[in-house]
Amino acid sequence: MKISYNRIIEAICVAVLLVYTWRVLNWAWFKPKKLEKYLRKSGLKGNPYKLYHGDLKEFTNKLNEAKSKPINFSDDIAQRLIPFFCDSINKNGPYPVVLITDPEHVKEIFTKNYVYQKETHPNPFSKLLAIGLAKLEEDKWAKHRKIINPAFQTEKLKHMLPAFYQSCSEMISKWEEIIPKETSFELDVWPDLQLMTAEVISRTAFGSSYEEGRIVFELQNEQAEYVTDINRSIYIPGSRFLPTKRYKRMLEIEKQVQTTIKRIIDKRLRAMKAGETSKNDLLGILLESNMKEIEQHGSKDFGMTTTEVIDECKFFYFAGQETTAVLLVWTMILLCLHPEWQARAREEALQVFGNEKPNLEGLSRLKIVTMILHETLRLFPPVPTYRRRNKHEVKLGEMSLPAGVLLVIPAILIHYDKELWGEDAKEFKPERFSEGVSKATKGRISFIPFTGGPRVCIGQNFAMMEAKIGIAMILQKFSFELSPSYAHAPFATITIHPQYGAPLLMRKL
């Protein structure tokens, strides 16, 4: 009986090992080779598949080489941000594994969001950064989008203007203290812009609990560095169970973030149950919207769990802070290079607001500032590439794609495409947006700083409102030019950062 029992256990272990081995082989070899064969039949060129690491080694080497030295402003920014894809285009034709640049194809991919879904990284540690709205699919995405949407309506955003103003005012006061009168002073504005946008998120997300929110931001920032580093290396299945120093620290961060946000949420829910009026911060609006959805349908299944609310808060922290910080820093750098546009934007800001506090009605009248922000988003889109996978076999234009193909949409290439934007595509020309985005793009999906379709970034109005206030308030108080120590080195972490910061020569007005 004992022998029989041991044999059963052995047989089960062998069966599990065989299944796991098959899954690994299928993931690492059979499925990639099958996809490669299918795509070549469709006439697509590309590098032959290499076992396990594919093109990752070449991808990483080219990225490290590109990052090793700054570039001139006239150089090709795409070659520095996505060198592997640029070289693949030159070598293999326009669609390596599979690069999508045609506006009609981009439109179809963004529109059919139930067919073309977000690519998920195989490394489970990627989920520690944020699994919010941007990572969800299908019905779960639709439910979260519906609940979160009220928080980003203009009517609600106007109540967040004081938080925008206060955070920017604190940064400007700091600058006024350290910049002497009647002389230029070198200041790296990049760290301060990151701090300012983090303060905005802390105040707008958690209101009176923003001090605790600040802790969340600092932890999320550290987590982002670990995740970015991991995503650029080969993931070995099961390696997450190894007790390395980095993995242990990542788990510690996750636990602390979860605990901090849950404490804020629990405190807020107790106050709401006690009859306290809902606050106009994002958390308050989100919790109120969630409760209404549950009450309306009489079931918790129609709402978000506390864990899901925490995930949305984590994601908002990361996405909201990053997007606006990079938009502001590249806008200031471009206005250094084009002082005539800096002067025009300052004249407009002073005409609309004088030296007073910016208001909602005035922000809608900042036409020149809006044109400049749109052109900055074209030349430096926050995210250089988007990734999607088709859920099942599809026909995209003339291409037949089997299920599971990775589709890369390079915003940075589309935004610099001379066929779409003209021979001056590389030049800073805000006037191309003088009659709005639709006129500038001639109705094509060629301007995608916030993606497009049903899944267009829910926070784009938030980011644009914050950026308008930030630039207007800076222009009211300072003029600025590039410092000789500035080195032009845009590089992509998740968004496009200035690798060596943004040292500018600031002067009080």
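Trainee: Does Phe 462 count as buried or exposed?
Mentor: This is a predicted model, in which local features need pLDDT of at least 70 and side-chain atom pairs count only at pLDDT 80 or more, while totals for chains, interfaces and linings use all residues. Residues are numbered from 1 along each chain as its sequence is written, and side-chain values use heavy atoms, leaving out hydrogens and water. Buried means under 20% relative accessible area, exposed over 50%, and partly exposed in between (1.4 Å probe, protein chains only). Because its relative accessibility is 2%, Phe 462 counts as buried.

Trainee: Which kind of aromatic pair do Phe 152 and Phe 462 form?
Mentor: The whole structure holds 9 aromatic pairs. Rings of Phe, Tyr and Trp (its six-membered ring) pair if their centres lie within 6.5 Å; planes under 30 degrees apart count as stacked, over 60 as edge-to-face and the rest as tilted. With 6.3 Å centre to centre and 75 degrees between the planes, Phe 152 and Phe 462 are edge-to-face.

Trainee: How many residues apart are Phe 152 and Phe 462?
Mentor: Helices (H or I, at least four residues) and strands (E, at least two) are DSSP runs, numbered from the N terminus. Phe 152 sits in the loop between α6 (138-148) and α7 (154-157), and Phe 462 in helix α20 (residues 460-477). The pair thus links distant parts of the chain, 310 residues apart.

Trainee: Which residues form one aromatic cluster with Phe 462?
Mentor: Phe 152, which counts as buried because its relative accessibility is 10%, belongs to this cluster. The members besides Phe 462 are Phe 152, Phe 164 and Phe 316.

Trainee: Which residues does Thr 323 touch, not counting residues up to four places away in sequence?
Mentor: Thr 323 is found in helix α13. At 17% relative accessibility, Thr 323 counts as buried. Contact means heavy atoms within 4.5 Å, and Thr 323 touches Pro 382, Phe 450 and Ala 463.
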